[in-house]
Amino acid sequence: MVKTSLSVLLARVGLDWFILALLGMIGLARLFPGPGIQDGPFSLSTLTNVGVSLIFFFYGLRLNFEQLKAGLRNYRLHLVIHITTFIVFPAVVLLARSFLMTPDTELLWLGIFYVAALPSTVSSSVVMVSIAGGNIPAAIFNASISSLIGVFITPLWMSFLLTSTNGQYDLGSVIGKLTLQVIAPVVLGILLNRRLGWFSERYKSYLRYFDQFTILLIVYTAFCESFSLNLFARYSVADLVGLAAMMLALFFLIFGFVHLLSRLFNFNREDRITALFCGSKKSLVQGSVMANVLFPGTIAGVVLLPIMIYHALQLIVASIIAQSMAHRVQEKKSAIQT
């Protein structure tokens with residue numbers, strides 16, 4: 001009974017076992033970094049690469065091409081979401097970075113900019129839109145397209161920053177690796193959708209656990225590399241608290257911007273909800289995958305820290321907002337009935 005009550009309470013504030021497991025992986029990497037930095041055909045890093053390709057294969061298997069075609073009609077909503085995700089987000093962080101970055105926090109700012117350059121998340125965006133009563137087909141379309149666009153746009157944004165920082169960044173090689181690891185499995189999955197789509201639907205709850213387990217392995221190996229070189233020694237608790245506050249402020253800034261833009265375009269309630277949740281969220285899955293390709297293993301843990309914090313905060317805050325929206329709708333229905 002106590003366990004059930006605790007699970008319900010955590011769910012209400014947007015926390016679940018996965019967020020707690022992410023924190024556990026960081027602690028495990030701190031205590032036992034050895035297994036995460038070993039190389040070889042059966043090493044954890046090799047297993048995560050295979051797992052990543054399977055994640056995106058099953059993701060493609062769930063995509064229905066006809067539904068994606070139908071989703072193209074609501075172009076104004078799509079423009080608002082993708083301009084916010086891939087242009088407004090990075091521009092805001094670049095502006096703040098020029099004023100707030102110090103030599104000691106350069107790596108953290110690289111991670112913050114990485115958050116801003118990432119695509120929107122898929123599953124949690126759709127879940128939040130569903131809870132709040134938004135346009136679910138549009139949410140599925142935009143979250144899916146965002147993930148595919150991000151394979152090209154995110155490395156392009158990072159090339160701007162990494163080239164100016166160290167002058168060494170092969171954009172073509174990065175996109176080539178991501179295409180093989182992400183786009184190719186997605187395309188294969190889409191092509192097999194008609195024959196095997198039933199499999200991804202029937203076992204989607206198990207596939208979700210597979211996705212999460214793979215992300216946990218990626219986080220563990222990334223932090224093992226960083227802890228082995230003591231890269232976190234330069235950061236105090238105050239630095240991490242400040243980072244969390246900055247991620248929360250970034251979320252609310254973008255959320256408010258999308259809200260104003262939605263009113264400017266006179267979106268109906270359902271489309272406004274979809275724009276809010278799809279435009280303000282960022283993908284930990286894509287962030288974890290691309291970090292393995294974009295950054296050397298030694299700094300990947302530090303760079304991943306901002307997206308992990310943003311992921312946890314966006315789930316908590318967005319869950320509260322979505323449930324509040326759903327509650328208001330329920331109250332209006334009750335008022336009309338009485």
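How many of the 338 residues of the protein chain count as buried? The share is 48%, where buried means under 20% relative accessible area, exposed over 50% and partly exposed in between (1.4 Å probe, protein chains only). The structure is a predicted model, in which local features need pLDDT of at least 70 and side-chain atom pairs count only at pLDDT 80 or more, while totals for chains, interfaces and linings use all residues. Residues are numbered from 1 along each chain as its sequence is written, and side-chain values use heavy atoms, with hydrogens and water left out.

The protein chain has 16 helices and zero strands; helices (H or I, at least four residues) and strands (E, at least two) are DSSP runs, numbered from the N terminus. Among contacts (heavy atoms within 4.5 Å) between residues at least 6 apart in sequence, 87% join residues at least 24 apart. Accessible areas come from the Shrake-Rupley method with a 1.4 Å probe; for residues, only the protein chains shown count as cover.

Beyond its neighbours within four places in sequence, Phe295 is in contact with Leu110, Tyr114, Met158, Leu162 and Val303.

Helix α16 also holds Gln314, which counts as buried because its relative accessibility is 1%. Once neighbours within four places in sequence are set aside, the contacts of Gln314 are Thr121, Phe251, Ser280, Lys281, Lys282 and Ser319.

Within α12 lies Asp211, which counts as buried because its relative accessibility is 15%. Asp211 and Phe56 are 155 residues apart in sequence, yet 9.2 Å apart in space, C-alpha to C-alpha. Leaving out neighbours within four places in sequence, Asp211 is in contact with Ile55 and Arg62. Just after α12, Asn230 takes a positive phi of about 60°.

Asn266, although not a glycine, likewise has a positive phi of about 60°. Asn266 lies in the loop between α13 (237-264) and α14 (269-279), and counts as exposed because its relative accessible area is 64%.

Helix α6 (residues 75-100) contains Tyr75, an exposed residue at 53% relative accessibility. Tyr75, Leu79, Ile83 and Ile87 make a nonpolar surface patch of about 400 Å². Patches are made of residues with over 30% relative accessible area and no salt bridge, with like charges joined within 9 Å and nonpolar side chains (Val, Leu, Ile, Met, Phe, Trp, Tyr) within 5 Å; a salt bridge is a side-chain nitrogen of Lys or Arg within 4 Å of a carboxyl oxygen of Asp or Glu. In the loop between α6 and α7 (106-117) is Met101, partly exposed at 28% relative accessibility. Met101 touches Glu106 and Trp109, not counting residues up to four places away in sequence.
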